[in-house]
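Please keep the sequence and the model at hand while reading.

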Amino acid sequence: MRKSLLIAEDDEVNLSLLRKVFQRPDLLVHEARTGTEALQIIDQQPVDVVLTDLKMPGVDGLAVLAHARKARPGAEVILMTGHATVESAVSAMKMGAFHYITKPFDADEVVHLVGRVLELTSVRKENASLRVLARGRSGLENIIGVSEAAKEVLSLVRKVADTDSTVLITGESGTGKELVARAIHYLSPRADRMLVPVNCSAIPGELLESEMFGHVKGAFTGAHATRAGKFEAAHGGTIFLDEIGEMSPSLQAKLLRVLQEKWVTPVGGNKPIPVDVRVITATNKDLEEEVSEGRFRNDLYFRLNVIPIRIPPLRERREDIPALIAHFIERYGRPKGRFLEGIRPQALDILYRYPWPGNVRELENLVERVVVLKGSGWIEPPDLPEKIRRAEGFLKTAMPVLGESGLDIRSATEDFENALIRQALHLSGGNKNRAAALLGLKRTTLVEMLKRKNLDAGAAGPPG
Ligand SMILES: Nc1ncnc2c1ncn2[C@@H]1O[C@H](COP(=O)(O)OP(=O)(O)OP(=O)(O)O)[C@@H](O)[C@H]1O
Ligand SMILES: [Mg+2]
């Protein structure tokens with residue numbers, strides 16, 4: 001598809017020069033002779049690049065820039081100024097200009113800059129679908145949490161969002177690290193720019209450098225064209241470096257330099273490109289341990305760990321389970337028009353005891369599965385995966401430790417007995433014959449015990 005360039009320039013000479021330079025088949029060029037005209041074109045045409053003069057009749061270049069940022073967040077603006085005051089250049093960059101050039105300009109330089117923006121828009125297209133997806137489910141309202149631990153994470157997210165500080169998110173797999181990273185970006189002043197995710201473990205080491213910093217044509221075999229990196233794509237926005245613990249030591253050194261100096265050098269290139277990017281990283285590794293084992297650079301760790309956010313595993317915040325279930329019932333049920341009523345206490349009980357090695361993602365998959373397979377009614381114990389119902393040992397009661405204060409051996413024994421009976425009922429899906437057999441009891445004895453102990457056999461599922 002043809003890319004589209006808007007040239008806003010009141011000087012006829014410059015305008016015709018630029019028109020000639022950009023007369024090429026891959027480019028659709030719009031022209032504006034006043035700022036006001038430029039605003040109209042931005043509203044009406046899907047422009048990719050805006051090349052605008054600073055001083056123009058009507059509104060000036062900065063207003064064009066501000067409008068483009070709002071109306072066409074995917075577009076980039078290059079300012080041209082005849083009066084290169086440092087202040088206007090600085091404020092232009094602050095307002096999110098891609099670059100500014102001083103007149104009289106060198107046509108090659110303008111072509112080069114526009115070329116870079118066009119590469120960038122291609123890189124961004126790859127991310128576009130991801131971004132739309134993220135927008136819909138980006139804010140805090142999609143992070144469910146009622147436990148103290150989760151609320152602490154949420155309040156941290158709110159606090160760090162409007163800063164530019166580097167954030168290091170740690171937590172086991174499936175705890176919601178990416179969700180938190182997205183929330184930070186979309187709550188931040190950078191929300192109208194890109195959030196560019198890079199998974200450092202999914203990309204082989206040699207390629208990761210070019211993925212992050214770009215490369216020039218001919219930098220290595222297969223580098224047929226110059227390509228912008230993810231840092232450039234994230235200019236003005238946020239880069240999310242996921243699984244940062246997997247990054248090779250040599251790349252760690254390069255990343256550290258980028259963070260310190262705020263420019264990137266494409267692979268094979270020698271011209272550094274300034275970037276304004278907020279960095280959020282995540283890992284499920286213990287980075288401190290990685291540092292002490294010599295696998296992760298100490299200096300980079302400190303640079304990344306400015307604001308640490310630790311997301312606790314689900315088993316440390318079981319109070320979140322019911323709210324998460326309700327959330328996922330809604331999320332997966334709504335598009336399909338299938339609504340589960342909720343979860344039975346007996347089933348919830350099982351989930352409460354399960355250790356959740358896959359954390360929230362595992363719970364999400366479970367609910368999605370029940371929505372698909374069952375679609376209505378309540379989540380009951382038999383709806384839960386075998387693996388969870390039969391998880392060895394999750395119902396084991398811990399052996400009480402006898403301390404100074406002593407304990408009541410009768411009630412301790414009773415608790416132990418009750419726990420075993422519950423396990424048997426769970427394992428048998430509530431079938432009393434099978435439960436009794438598992439416990440080496442006659443059915444009648446079990447029924448008697450249940451009555452005496454006031455235990456509900458149904459508590460483990462449908463009556464057997
Ligand atoms: N608090 C939460 N509220 C709602 N959904 C959540 C929550 N935490 C996690 N999820 C969901 O669980 C899934 C896993 O979350 P996410 O991908 O953010 O985890 P992660 O920590 O990045 O995992 P990994 O280490 O495997 O990459 C996602 O679908 C996410 O939407
Ligand atoms: Mg992740």
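## Loops with positive phi

In this predicted model, E243 occupies the loop that runs between strand 8 (238–242) and helix 10 (249–261). Although E243 is not a glycine, its phi is positive, at about 55 degrees. The residue E243 has 18 other C-beta atoms within 10 Å and is therefore partly exposed; burial would require 20 or more.

A second case is K262, in the loop between helix 10 and strand 9 (263–264). K262 is likewise not a glycine, and its phi is positive at about 60 degrees. With 13 other C-beta atoms within 10 Å, K262 is partly exposed, since the exposed class ends at 12 or fewer.

## A cis peptide bond and an exposed glutamate

The peptide bond that joins K103 and P104 is cis, with omega at about 0 degrees. P104 belongs to the loop between strand 5 (99–102) and helix 5 (107–136).

Along the sequence, E206 and K103 are 103 residues apart, and their C-alpha atoms are 40 Å apart in space. Is E206 buried or exposed? E206 counts as exposed because it has 12 C-beta neighbours inside 10 Å, and the exposed class covers counts of 12 or fewer.

## Domains

The domain assignment divides the chain into domain 1 (3–119), domain 2 (137–312), domain 3 (315–389) and domain 4 (409–460). Between the centres of domain 2 and domain 3, taken over C-alpha atoms, the separation is 32 Å. Twelve residues from domain 2 and twelve residues from domain 3 take part in the contact between them. On the side of domain 2 that touches domain 3, there are five nonpolar, six polar and one charged residues.

## The surroundings of ligand 1

Which domains each supply at least three residues to the shell around ligand 1? Both domain 2 (137–312) and domain 3 (315–389) do so. The ligand is surrounded by 18 residues, of which the closest are S173, G176, K177, E178 and V360. Helix 7 (177–187), helix 13 (320–336) and helix 15 (359–373) are the elements that contribute two or more residues to this shell. Sorted by class, the shell around ligand 1 holds five nonpolar, nine polar and four charged residues.

## Helix 18 and helix 19

The description of a helix pair rests on two values: the angle between the axes and the distance between them. For helix 18 (residues 432–439) and helix 19 (residues 443–453), the packing angle is about 100 degrees and the axes are 8 Å apart. The two helices, helix 18 and helix 19, are therefore roughly perpendicular to each other, as the range for that label is 65 to 115 degrees.

From helix 18, the contact takes K432, N433, A435, A436 and L439, which meet R443, T445, L446 and V447 in helix 19. The residues of this contact comprise five nonpolar, two polar and two charged.

The loop between helix 17 (409–427) and helix 18 contains G429. G429 has 17 C-beta neighbours inside 10 Å and so counts as partly exposed. The C-alpha atoms of G429 and T444 are separated by 18 Å, and the two residues are 15 residues apart along the chain.

Definitions and conventions:
Residues numbered from 1 in each chain as written. Chains lettered and ligands numbered in written order. Predicted model: local features only at pLDDT ≥ 70, side-chain atom pairs only at ≥ 80, totals over all residues. Domains from an automatic or database assignment. Contact = placed C-beta atoms within 7 Å. Nonpolar A, V, L, I, M, F, W, Y, C, P; charged D, E, K, R; others polar. Axes fitted to C-alpha atoms, helices over the stretch in contact; angles between N-to-C directions. Helix = DSSP H or I, 4+ residues; strand = E, 2+ residues; numbered from the N terminus. Parallel < 35°, antiparallel > 145°, perpendicular 65-115°, else oblique. Near = placed C-beta within 6 Å.
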